[in-house]
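Hi,

Here is the structure I promised to pass on. Please open it first, then read my notes below.

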Amino acid sequence: ELCDNLKFYSSDKVLQILQGNKVVEVKNAEINKGKAARALLKEDKYDFILTVGDDATDEDMFKAMPTRAFTIKVGSTVSAANYFVHSHEQVISLLNDLVNAPVKAIAEK
């Protein structure tokens, strides 16, 4: 109901109303996580890009990533992300594995 009311009252504005995981985001429709990510990617060359997100507000970011990036959606398989995990615990496990993996093993993959 809140989202419907916000959409009604903002219909003549340049606003976007997004309902995410326990959040309602009201933002300028011309600004999103994808545009912010693209701006950061232009600043420098990165050897490894990992993008993880758990709700609809992360989809623009997944779409903006270069094809060599690893994009992971948490909690759902319906996404622009290349991979998915079921829970934040799996993300923590993955990050621990990355931190503790020998550099040579990562480069060989």
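How many aromatic pairs does the structure hold? It holds 3. Rings of Phe, Tyr and Trp (its six-membered ring) pair if their centres lie within 6.5 Å; planes under 30 degrees apart count as stacked, over 60 as edge-to-face and the rest as tilted.

A word on the source: this is a predicted model, where local features need pLDDT of at least 70, side-chain atom pairs count only at pLDDT 80 or more, and totals for chains, interfaces and linings use all residues. Residues are numbered from 1 along each chain as its sequence is written, and side-chain values use heavy atoms, leaving out hydrogens and water.

Start with one pair. The ring centres of Phe70 and Tyr83 are 6.4 Å apart and the planes stand at 25°, so this pair is stacked. Phe70 is in strand S4 and Tyr83 in strand S5, 13 residues apart. Phe48, Phe70 and Tyr83 form one aromatic cluster.

Now the accessibility. Phe70 is partly exposed at 37% relative accessibility, and Tyr83 is partly exposed at 48%. (Buried means under 20% relative accessible area, exposed over 50%, partly exposed in between, with a 1.4 Å probe and protein chains only.)

Next, the sheet. Its 3 strands run in the order S3-S4-S5, open and parallel. Strands S3 (50-53) and S5 (83-85) are at the edges with a single partner strand each, so one side of each has no neighbour in the sheet. Strands are DSSP runs (E, at least two residues), numbered from the N terminus, and two of them pair if DSSP finds at least two bridges between them. S4 (residues 70-74) pairs with S5 over 3 bridges. Ile72 stands opposite Tyr83 in S5.

Best wishes

Terms used
Helix = DSSP H or I, 4+ residues; strand = E, 2+ residues; numbered from the N terminus.
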